[in-house]
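Here's a quick walk through this model, strand by strand and helix by helix. Have the 3D view open while you read.

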Amino acid sequence: MIKAVVIFALLMLPLAPPAARAVDDTVLLPQDGFLGAWKKSDPPKRFTEADLYGYIDGGAELFLEYGFEQLTVQKYRNGADDFTVEAYRMTDPAAALGIYLMKAGKETRAVGFRERHTANRYQLMLCRNRYFVIVNNLAGREALASVQVKFASYIAGKLPPPSPVGELQLLPREGLVPGSARLVRGAYGLQAVYTLGDGDILLLERKRSAASGDYKSAKGSYTLIVAGYADAAQAGRAFDHLQKNLDRYLKVVEQKPDRLVFEDYSKKYGVVTVVGRRLEARVKLAQKP
Amino acid sequence: MQKYRSMTANLPPDRREFLKTLGVCSAAVSGGAILGTPAVLGAQTTPPKPVETNLDDFMKVPRTKFSVPGPFPGRVVRATDARSLVGDLFDGKVIASMVQKGITSLTGRDMKKSFDLFFDKKDIVGIKVNPVGPPLINTRPEVVDAIVKWLTDAGLPPQNIVIWDRFDYMLTDAGFTTERFKGIRVEGLQTMDEKGSNWKDKDGNHLSINNFDRDVFLFAKGIVGKNVPNYPNDEFYLNQHVFNGEYSYFGKLLTQRLTKIINVAAYKNTGPAISMATKNIGFGSLCNVGRLHVPLGLRTSTQVIAAPVIRDKMVLNITDGLRGQYDGGPDKNAQFVYANHSLYFATDPFALDLICHNELKEKRRAMGVTVNDNPRFTEYLTYGASLGLGVADVGKITVVKA
């Protein structure tokens, strides 16, 4: 009970207000001559919500949905080698973790780097507090892997301390498939998991997060989506909205004031319930619940 | 002198009478897939209303012998060779061999007769590439090398070949330059300034407004490229899309110069859907398409392909699946990029996309990525089939290994 109260208290913390002016995130990045040889090859570029599309052709909307403030891009050169660092300042730690989980997939670790991250020879992605950072080594040279980690370590050392994200604790740990947990703040995040309807079907309004994860047990597998709201009335409104706008490929088989059961396009089932401030959807169930 | 014409481009075009009859598209949203830039966010809370477009006008234009789906509806050829990509090295010779096998297997003819099937030596052939996501998941220049060689070996003058995409700087970033492709034209339909500070001429017009044909367009009633939810900077919209308003104009390159098009897509996802053949041409041939992402979704691509300027010129589709990306697309995400060692060939872009969609879906499943296989993500393909533009029934598609 205490744990549930703590989780909901964390969820109800107000989000950081939008930045009133551009923040200089270049202070987070390595300076000229880093490791003795890496020089900045271009002036840094900054992108805001208004022009993020200028940098990301395809996918900027995902950042905006989670809550984006500013991107700082800095290119470095050492002889024929190039690195590009992208530092995304998100609105809050959940926004940064949300975009990280979407981008990282199953995490693969780099040797000698302890921050939460995933790495391959082309890209190292890390997440801390409200920052999501990518260190790009797009030539993919294996020999630069240790340099990639040094860049990431330098940046991690400049970032604000880690901040807990309570929403993921909405997911029960038992049976959760490792690497499947996601945060959702709207239509684009949710569609990666399951389509319950058009648009912001859970009324998350880009300011609250739902959590999702895949589960496996002896009884079968399913996907769980859990959203916490400020109060029961808000959760009820989200449930009503979902009922009224349920995806056209989902067929209602049972409907009660606080429970909805549907059959989907692949003959699997889903059940949505609302209890207090919590809305929960279990989907891809083999048997009718 | 035009004073900032692009800001008032919802004025009637020169031949507005062309639009007296509007097609009505029952535009169920294709799921809000991430479709490229820019998309507007799904703030909508009610199902979308049908969108009126000029599709009916497209459909009234008689088809030609070159019209999509071409001579081989429902036929998809896959050429696979593990030697094509080893580590990060693409082998141009192996790739050229794959292109030859793919084309001859598709047509049942040798390369010269295959050329004659689609082209003559006076054609101006546009090669539409996908430069998004370099260097990991864009159309590979080596594939284009092989296509250029095929065309020139058959007698097409190099100056009759144009490698093109919508944005100029992306072509450069992906390696499509005149230095790399000597004697070949390389053209973006428009200039695009990443930071949005250098895209107007001295009169305040977008530098590229004259690159688009006011007489040839996709119209979508009431869907305008300004004041869209969560799209705060109208100026930046114009930087990227050249015009606001209800009209998306096709590039003059397509309407006035190219006589044939080869569509060379990359092999990648966009959300639970794919960004391959239909989307490569559907969102890359015209301006002001950001407005269409939510109300029309991937059906935008279907309607664009139905436009005679595309339908009657796009004679061949080659999807570059030497590398694939099964998640995190359409921009590069190395975590999900893999060597797929395959090229795909079809005259029917809808059959091609359906086969590739299903393949990529299985890849996602195999890699443990959550699969959302809601049918809405392939509706645009069955929609294309309903318009007579291709085959979107797996049972009616023949997949040939070259």
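Let's begin with an open sheet in chain A: seven strands in the order β8-β9-β10-β14-β13-β12-β11, with antiparallel pairing. Keep in mind that this is a predicted model. The edges of the sheet are β8 (182-184) and β11 (251-256) of chain A, each of which pairs on one side only. Neighbouring strands are turned by 20° against each other on average, direction ignored.

What holds such strands side by side? Strands of a sheet pair through backbone hydrogen bonds, either parallel or antiparallel.

Now over to chain B, which holds twelve helices and 15 strands. Of its 402 residues, 64% are buried. Take the contacts in chain B between residues at least 6 apart in sequence: 79% of them join residues at least 24 apart.

| Strand of chain B | Bridges to β14(B) | Direction | A bridge pair |
|---|---|---|---|
| β13 (residues 314-325) | eight | antiparallel | B:Thr319 and B:Tyr344 |

Next come the helices, with α12 (residues 379-386) of chain B as the meeting point. How do α11(B) and α12(B) run relative to each other, roughly parallel or roughly antiparallel? The axes of α11 (residues 349-366) of chain B and α12(B) come within 9 Å and cross at roughly 155°. Angles over 145 degrees count as roughly antiparallel, and α11(B) and α12(B) are therefore roughly antiparallel to each other. Their crossing is left-handed. On the α11(B) side the contact is made by B:Phe350, B:Asp353 and B:Leu354, and on the α12(B) side by B:Tyr380, B:Leu381 and B:Gly384. Sorted by type, the residues of this contact are four nonpolar, one polar and one charged.

Helix α9 (residues 299-306) of chain B also packs with α12(B), at an angle of about 25° and with the axes 8 Å apart. The cut-off for roughly parallel is under 35 degrees, so α9(B) and α12(B) are roughly parallel to each other. This time the crossing is right-handed. B:Arg299, B:Thr302 and B:Gln303 in α9(B) meet B:Glu379, B:Tyr380, B:Tyr383 and B:Gly384 in α12(B). The residues of this contact divide into two nonpolar, three polar and two charged. B:Tyr380 and B:Gly384 take part in the contact with α11(B) and in the one with α9(B).

One last stop is B:Leu117, in helix α3 (residues 111-118) of chain B. Is B:Leu117 buried or partly exposed? Its relative accessibility is 24%, so B:Leu117 counts as partly exposed. Leaving aside neighbours within four places in sequence, B:Leu117 is in contact with B:Phe66, B:Pro71, B:Phe72, B:Thr107 and B:Arg109. B:Asn317 is 200 residues away from B:Leu117 in sequence, and their C-alpha atoms are 14 Å apart in space.

Technical notes:
Residues numbered from 1 in each chain as written. Chains lettered and ligands numbered in written order. Predicted model: local features only at pLDDT ≥ 70, side-chain atom pairs only at ≥ 80, totals over all residues. Heavy atoms only, no water. Axes fitted to C-alpha atoms, helices over the stretch in contact; angles between N-to-C directions. Helix = DSSP H or I, 4+ residues; strand = E, 2+ residues; numbered from the N terminus. Parallel < 35°, antiparallel > 145°, perpendicular 65-115°, else oblique. Left-handed = near helix turned anticlockwise from the far one by under 90°. Contact = heavy atoms within 4.5 Å. Nonpolar A, V, L, I, M, F, W, Y, C, P; charged D, E, K, R; others polar. Pairing = 2+ DSSP bridges. Buried < 20%, exposed > 50% of the residue type's maximum accessible area, 1.4 Å probe, protein only.
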